Amino acid sequence: MNAARYASLTWPWVGLILCLALLGQEYVLLGARPNSSLTVYRLVVMAVGLTSLTLVLLPPRRIAYLVAFGVCAGLIAYALYLQYVDGLEPCPLCVFQRIAVIAMGVVFLTAAFHNPGRTGAGGYAVLQLVIGGIGIALSTRQVWLQSLPKDQVPACGMGLNYMLETLPFTDVLKKVFQGSGECAEKGWEFLHLSIAGWTLVFFIAMIAASFAVIRRD
């Protein structure tokens, strides 16, 4: 990596930015609902941080595709661990977010084997934008449901398997996106973000990396 391509910050600027970020956090949290542990501010900070780290550490294109595939596989593996070892059952919105992560992983792996040039990498980036955009919509919906007060949370709905067996697929998609009571359960948190929050951050970072890697020959 050519370090000259990236602007450097001296420690006073880093300290000032950190101070402003902390002050901004306090200001935003003052206006948040008392029962809300997920805020737009936290999501933005984590998304900017993870995306920045991803872009700083971004390797050459083919290696980047393989690393991204590994990240997708790791996320799915951990989701299965939470489900079958810790007993954390996924809600319908979670299942469709998993599908989006798997789809991104397949595209990354295909791109790694294809080893495209810049034009081909642009095509893969657009495809990841579509898949990741769907994932962002699903995870954003779940984050919103999780931020609702308990008296505004929708009632629990039918299981995904039952809906697939009894309803047309378009109705299933509609009901999944609307969400239900089980989708508002957090179950797992890290740094005040639920699985849905971290999945949202992941989709943003992977889309940014997909476009940045176009120029990483």
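Visitor: How many nonpolar, polar and charged residues does the lining of the largest pocket have?

Guide: Sorting a lining by class is a handy opening step. In this predicted model, the lining of the largest pocket has 29 nonpolar residues, eight polar and five charged.

Visitor: What volume does the largest pocket have, and which lining residues are the closest to its centre?

Guide: The volume is about 1000 Å³. Of the 42 lining residues, Leu 75, Ile 195, Trp 198, Thr 199 and Phe 202 are the closest to the centre.

Visitor: Which helix gives the most to that lining?

Guide: Helix 3 does, with 10 residues. At least two lining residues each also come from helix 2 (40–56), helix 4, helix 5 and helix 8.

Visitor: Let's move on to the core. Which residues have the most contacts inside the largest nonpolar core?

Guide: Tyr 65, Met 104, Phe 108 and Phe 202 do, in a core of 23 residues. Helix 3 (61–84), helix 4 (92–114), helix 5 (118–147) and helix 8 (195–212) each put in at least two residues. Helix 4 gives the most to this core, with seven. There's also a second, separate core of seven residues, with Leu 43, Ala 47, Leu 193 and Val 201 among them.

Visitor: What is Phe 108 in contact with, leaving aside neighbours within four places in sequence?

Guide: Phe 108 is in contact with Tyr 65, Ala 68, Phe 69, Cys 72, Gln 128, Met 206 and Ser 210.

Visitor: And aromatic pairs: how is a pair of rings described?

Guide: You give the distance of the centres and the angle of the planes. The structure holds four such pairs. Take Tyr 65 and Phe 108: their rings are 6.3 Å apart centre to centre, with 40 degrees between the planes, a tilted pair. The pair links distant parts of the chain, with Tyr 65 in helix 3 and Phe 108 in helix 4, 43 residues apart. Ring pairs also bring in Tyr 124, making a cluster with Tyr 65 and Phe 108.

Visitor: Are Tyr 65 and Phe 108 buried or exposed?

Guide: Buried means under 20% relative accessible area. Tyr 65 comes out at 3%, so Tyr 65 counts as buried. Phe 108 is buried too, with a relative accessible area of 3%.

Visitor: Why is the pair of Tyr 78 and Tyr 81 stacked?

Guide: Planes under 30 degrees apart count as stacked. Here the planes are at 15 degrees and the ring centres 6.1 Å apart, so this pair is stacked. Tyr 78 and Tyr 81 are three residues apart in helix 3, and therefore separated by about one helical turn. Tyr 78 counts as partly exposed because its relative accessibility is 39%, and Tyr 81 is also partly exposed, at 40%.

Definitions and conventions. Residues numbered from 1 in each chain as written. Predicted model: local features only at pLDDT ≥ 70, side-chain atom pairs only at ≥ 80, totals over all residues. Heavy atoms only, no water. Core = buried A, V, L, I, M, F, W, Y, C linked by side-chain atoms within 4.5 Å. Buried < 20%, exposed > 50% of the residue type's maximum accessible area, 1.4 Å probe, protein only. Helix = DSSP H or I, 4+ residues; strand = E, 2+ residues; numbered from the N terminus. Contact = heavy atoms within 4.5 Å. 1 Å grid on protein atoms, 1.4 Å probe; cavity = no way out; pocket = protein on both sides within 12 Å on 5 of 7 lines; lining within 4 Å. Points joined across faces, edges and corners; volume = space filled by probe spheres on them. Nonpolar A, V, L, I, M, F, W, Y, C, P; charged D, E, K, R; others polar. Phe/Tyr/Trp six-rings, centres within 6.5 Å; stacked < 30°, edge-to-face > 60°.
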